[in-house]
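Please read it with the structure open beside you.

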Amino acid sequence: MKGTSPRDIETNAIHKGKRLREIRADFSDFGTRRRYSFDVHDRVVKYLQAEGGENFKGTSNVYLGMKYNTTPIGTMPHEWFMYHGALYGYRSATQKALEAWVDVYQGSLGISLTDTYTTDVFYDSFSLKQAKLFDGVRWDSGDPFHFTEQTLEFYRENRIDPASKTIVYSDSLNLERIEQIKKYVDNRIHDTYGSELILPTT
């Protein structure tokens, strides 16, 4: 960004990593798309891993995953559903996209995005087979508390133990928000957090 420079990189990353470990929040770095620079991103991942301990689950950046011997981790993009909408029509887009994802990745990358065509449409399309195959779902817009209840209800209605599944929370997260969500979830389902954890600039 022209006219800006990163500040307090180490201080902020260390604080965030320590705090997430203290509250036992599993988290991963999703910072590649909106990072200030590669160097800043590299340093942030280094400090988050060091301070987050076992609660740091990986990074969406494959190179940094290799460099720091951590899991390259991520979920499906909105564009995946959008492509299937353009190809098959929007009424069947979600179901077609989920089926294709399973065919392509064969059980890997098992977290499904839910909000491309609204969460209600997603759960109307999410079959029992898919619900059992996917490890969990990702919240990326709207009210996280409503989404949590909607997801728990969906799994229970389909006789799936919510404790065997995961919600990845990823929209506009900061430490305060993560603490609020984690307290609300209260171990009813496995909660984990994917965030850019953007550092301040001046």
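Predicted model: local features only at pLDDT ≥ 70, side-chain atom pairs only at ≥ 80, totals over all residues.

1. Start with β1, residues 26-29. D26 and S28 point one way from this strand, while F27 and D29 point the other way. All four are buried. In a regular strand the side chains alternate between the two faces of the sheet. β1 pairs with β6 in the parallel sense, over 4 bridges. Look for S28, which stands opposite G194 in β6. β1 also pairs with β2, residues 56-59, again in the parallel sense, over 3 bridges. There, F27 stands opposite F56.

2. **Strands β4 and β5.** β4 covers residues 136-139 and runs parallel to β5, with 4 bridges joining them. T166 in β5 is the bridge partner of G136. Within β5, T166 and V168 point one way, and I167 and Y169 the other. These β5 residues are all buried.

3. **D191.** Is this residue buried or exposed? D191 has a relative accessible area of 4%, under the 20% cut-off, so it counts as buried. It sits in strand β6, residues 190-195. Its side chain makes a polar contact of 2.7 Å with the side chain of Y193. A second polar contact, of 3.2 Å, joins the side chains of D191 and K182. The D191 and K182 side chains also meet in a salt bridge, at 3.2 Å from N to O. Both residues of this pair are buried. Leaving aside neighbours within four places in sequence, D191 is in contact with D26, I167, Y169, K182 and V185.

4. **D115.** Which side chain does D115 join through a polar contact of 2.8 Å? The partner is H78. D115 lies in the loop between β3 (111-113) and α6 (119-125). D115 is buried because its relative accessible area is 13%, under the 20% limit. Not counting residues up to four places away in sequence, D115 touches H78, D140 and S141. D115 and S141 are 26 residues apart along the chain, yet their C-alpha atoms are separated by 6.8 Å.

5. **Salt bridges.** How many salt bridges does the structure hold? The total is 7. Side chains of opposite charge can pair when their charged atoms come close. R138 is buried, at 10% relative accessible area. D140 is buried too, at 15%. Another salt bridge joins the side chains of R188 and E149, at 2.9 Å from N to O. This pair links distant parts of the chain, 39 residues apart. R188 is in the loop between α9 (175-185) and β6, and E149 is in helix α8, residues 144-157. R188 is partly exposed, at 27% relative accessibility. E149 is partly exposed as well, at 29%. Elsewhere, salt bridges that share partners join R19, E22 and E179 into one network.

6. **A nonpolar surface patch.** Finish on the surface. F38, Y63 and M66 form a nonpolar patch there, with about 340 Å² of accessible area together. F38 lies in helix α2, residues 38-52. F38 is partly exposed, with a relative accessible area of 39%.

How values were computed:
Residues numbered from 1 in each chain as written. Heavy atoms only, no water. Patch = residues over 30% accessible without salt bridge, like charges linked within 9 Å, V, L, I, M, F, W, Y side chains within 5 Å. Areas by Shrake-Rupley, 256 points an atom, 1.4 Å probe, with all protein chains shown as cover. Salt bridge = Lys/Arg side-chain N within 4 Å of Asp/Glu carboxyl O. Helix = DSSP H or I, 4+ residues; strand = E, 2+ residues; numbered from the N terminus. Buried < 20%, exposed > 50% of the residue type's maximum accessible area, 1.4 Å probe, protein only. Polar contact = N/O pair within 3.5 Å; in protein donor to acceptor, adjacent residues only side chain to side chain. Contact = heavy atoms within 4.5 Å. Pairing = 2+ DSSP bridges.
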